[in-house]
Amino acid sequence: MTEDAPLLSARGLVREFTSRGGGPLARRRVLRAVDGVDLDVRAGETLALVGESGSGKSTTARLAARLLDPTEGTVSYQGEDVTRLTGAALHHFRSQVQVVFQDPFSSLNPRHTVERIVTAPLRYQRRPVPGGARAFTRALMERVGLNPDHSGRHPAQFSGGQAQRIGIARALAVGPRIVVCDEAVSALDVSVQARVINLLRRLQREEGLGYLFIAHDLAVVRQIADRVAVLHHGRVVESGDRDSLFAAPRHAYTRTLLAAVPRIRPEWEAARRARAAERAAATPPEEESR
Ligand SMILES: Nc1ncnc2c1ncn2[C@@H]1O[C@H](COP(=O)(O)OP(=O)(O)OP(=O)(O)O)[C@@H](O)[C@H]1O
């Protein structure tokens with residue numbers, strides 16, 4: 001169910017990056033990665049942001065979660081501009097808007113146990129862990145479909161899908177109302193993707209979460225989005241409800257995206273396994289599961 005007023009909104013978001021080429025005559029180059037984006041995310045709904053690589057999806061996600069400051073424009077939460085929040089007010093925003101990243105193995109500390117990982121956002125915000133760290137972690141693990149007896153294990157001891165569930169549990173720990181999923185299922189193989197998407201949908205139903213769901217794979221977007229915004233060179237070229245957009249795309253760029261074959265990336269899974277093996281080998285024995 002959706003409420004009318006958006007929880008999270010962006011208006012006229014612009015983000016520029018400046019780079020300097022090599023050599024003595026190097027000139028500063030300004031890249032507008034995000035160029036005037038407006039978006040709204042309501043409780044209980046999923047807005048998918050799609051576009052090819054380099055279109056500005058991740059930059060928009062990071063701006064929306066205030067992990068990055070905009071060059072221009074505003075991000076507001078429940079109508080309040082959050083672009084300049086600091087201290088306790090910023091902590092409150094961070095408890096309301098959480099992020100799940102693409103690669104759980106690089107976004108979860110390989111040396112920490114699940115218990116330490118999922119309680120970290122509360123510690124960072126200097127909030128007590130309700131009911132104690134162990135019971136809190138076990139309950140969260142159950143909610144995301146993980147075995148609570150594994151709370152003392154490290155990320156490398158889990159599969160890619162399980163590790164992403166740890167990332168989701170960490171996001172849920174502070175009780176957010178919006179979760180920004182930045183290519184959160186892209187590194188998983190297709191059957192695992194489907195299970196993690198089911199989990200996200202169940203959590204959305206149970207808790208009324210709003211998702212800003214960043215994805216390049218339209219097959220995934222079709223499974224989860226209520227509305228879709230298409231990003232091209234940092235601009236939203238088309239947006240609308242999912243079924244209308246898939247059935248009758250208005251913009252030529254959207255038609256090109258829809259015509260592209262869904263990409264399944266076995267090489268990502270292979271790279272993930274290699275990284276996981278490297279991390280497991282680097283984990284000192286005393287940090288192995290209790
Ligand atoms: N920190 C940065 N410094 C310089 N340029 C950046 C930075 N972050 C992103 N960019 C550039 O901004 C543009 C948009 O990048 P962004 O990662 O937002 O795109 P994307 O649509 O998420 O692509 P992908 O799917 O490949 O991650 C790209 O040209 C990228 O190189």
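**View 1. Three elements, β1 (8-20), β2 (28-41) and α1 (57-64), each supply at least two residues of the shell around the ligand.** Helices (H or I, at least four residues) and strands (E, at least two) are DSSP runs, numbered from the N terminus. α1 gives the most to this shell, with 3 residues. Of the 13 residues around the ligand, Phe17, Ala33, Ser53, Ser58 and Thr59 come nearest. Here a residue is near a molecule if its C-beta atom, placed from the backbone, lies within 6 Å of it. By type, the shell holds 3 nonpolar, 9 polar and 1 charged residues. Ala, Val, Leu, Ile, Met, Phe, Trp, Tyr, Cys and Pro count as nonpolar; Asp, Glu, Lys and Arg count as charged; the others, Gly among them, count as polar.

The model is predicted: local features need pLDDT of at least 70, side-chain atom pairs count only at pLDDT 80 or more, and totals for chains, interfaces and linings use all residues. Residues are numbered from 1 along each chain as its sequence is written.

**View 2. Four strands form an open sheet in the order β2-β1-β4-β5, with antiparallel pairing.** β2 and β5 (80-81) stand at the edges with a single partner strand each, so one side of each has no neighbour in the sheet. Strands pair if DSSP finds at least two bridges between them. Antiparallel β1 and β2 are joined by 11 bridges.

**View 3. Helix α1 lies across β1, β2 and β4 (72-77).** α1 runs at about 120 degrees to β1. Axes are lines fitted to C-alpha atoms, for helices over the stretch in contact; angles run from 0 to 180 degrees between N-to-C directions. Residues are in contact if their C-beta atoms, placed from the backbone, lie within 7 Å.

**View 4. Val37 lies in strand β2.** Is Val37 buried or exposed? Val37 is buried, because 24 other C-beta atoms lie within 10 Å. The cut-offs are 20 or more such atoms for buried, 12 or fewer for exposed, and partly exposed in between, with C-beta atoms placed from the backbone. Leaving out residues up to four places away in sequence, Val37 touches Ala10, Leu13, Thr60 and Val236. Gly56 is 19 residues from Val37 along the chain; their C-alpha atoms are separated by 9.9 Å.

**View 5. Confidence across the chain has a mean pLDDT of 87.** pLDDT is the predictor's confidence in each residue, from 0 to 100. 87% of the residues reach 70 or more. Over residues 283-290 the pLDDT is below 50. Beyond near neighbours in sequence, this stretch has 12 contacts in the model. For the complex, the predictor gives an ipTM of 0.95 and a pTM of 0.86.

Technical notes: Contact = placed C-beta atoms within 7 Å.
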